Amino acid sequence: MTDSFRGEYRIVGGHPALDLVNTVSPRTRGGAAEVDHLTSPAELLAWSRRSGLIDLRDYSAVEGTWRSAPELAVKALNATLEIREATYDVLAPRAAHAVIAADGVKQSEGSAFERLMLRWSAAAARSMLIPDPARDRGIAELVVGTSPAQLIPDRLVVAAVELIRTVELRQLRACPVDDGGCGWLFLDRSRNGSRRWCSMEDCGTRAKIRKLGERRRATSV
Ligand SMILES: [Zn+2]
């Protein structure tokens with residue numbers, strides 16, 4: 001994978017927590033060389049903006065805080081990576097076509113659920129209920145991420161827990177590694193449940209080309 005590919009990979013999960021899981025490509029549980037797209041706080045910040053997790057105002061707040069306290073930026077990155085792997089460990093076993101680790105989920109650092117719960121409670125402690133009389137529905141707004149330093153992992157863990165609670169399991173898919181796909185997770189929201197690839201432009205096209213090649217080889221024998 002070239003350097004120019006970094007940062008340009010597609011955002012196709014259909015949910016922020018799945019997009020987070022898909023910042024490793026391919027997702028093959030060590031089956032093929034995996035590239036991690038979140039190796040620095042700067043990459044995390046850029047991805048958060050590009051994926052729509054944060055708006056421009058959040059971006060400036062996080063960027064300013066991280067610049068003046070780089071150790072907090074590293075802490076936020078580490079929290080994000082823990083949330084990412086725990087989310088993957090929880091979702092992958094329920095996703096159609098996903099690669100499941102032979103040794104199951106690592107137990108040494110506590111279960112994936114425990115890790116998510118700890119991160120989620122910390123995020124909840126940093127959230128605020130802000131009354132808004134101008135609303136037509138509801139009385140207050142729940143603002144997650146009132147502390148800029150941890151705003152990104154806080155939003156991500158809340159999104160992950162929300163997805164785990166509410167995901168329509170028949171929509172949860174992995175791009176099929178066995179057929180040459182990348183293992184990314186996504187929600188198939190097509191009406192007939194026919195989405196097979198993370199994106200037709202990437203894995204779908206590659207599979208099509210491979211099939212054509214196989215057919216050509218078979219007929220030329
Ligand atoms: Zn794919």
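Is Arg84 buried or exposed, and what is its relative accessible area? Arg84 is buried, with a relative accessible area of 4%, where buried means under 20%, exposed over 50% and partly exposed in between, computed with a 1.4 Å probe and protein chains only. The views below show a predicted model, in which local features need pLDDT of at least 70 and side-chain atom pairs count only at pLDDT 80 or more, whereas totals for chains, interfaces and linings use all residues. Residues are numbered from 1 along each chain as its sequence is written, and side-chain values use heavy atoms, with hydrogens and water left out.

**View 1. Arg84 and Glu85 in a network of salt bridges.** The side chains of Arg84 and Glu85 form a salt bridge with an N to O distance of 2.7 Å, the term standing for a side-chain nitrogen of Lys or Arg within 4 Å of a carboxyl oxygen of Asp or Glu. Glu85 is partly exposed at 28% relative accessibility, and the network that holds this pair also includes Arg27 and Asp36. By this rule the model has 12 salt bridges.

**View 2. A salt bridge between Arg115 and Asp89.** The closest N and O atoms of this pair are 3.8 Å apart. Because Arg115 lies in helix α5 and Asp89 in helix α4, the pair ties together parts that are 26 residues apart in sequence; helices here are DSSP runs (H or I, at least four residues), numbered from the N terminus. Both Arg115 and Asp89 are buried.

**View 3. Arg67 and Glu63 in helix α3.** These two residues form a salt bridge in which the closest N and O atoms are 2.9 Å apart. They are separated by about one helical turn, because they stand 4 residues apart in the helix. Arg67 is exposed, with a relative accessible area of 59%, whereas Glu63 is partly exposed at 28%.

**View 4. The largest nonpolar core.** This core has 32 residues, and those with the most contacts inside it are Leu44, Trp47, Trp66, Ile152, Cys175 and Cys198; a nonpolar core is a set of buried Ala, Val, Leu, Ile, Met, Phe, Trp, Tyr and Cys residues joined through side-chain atoms within 4.5 Å. Among the elements that give two or more residues to the core are α2 (41-50), α3 (56-68) and α6 (151-166), while α4 provides the largest share, 6 residues.

**View 5. Lys211 in helix α7.** Helix α7 spans residues 200-220, and Lys211 is exposed, with a relative accessible area of 54%.
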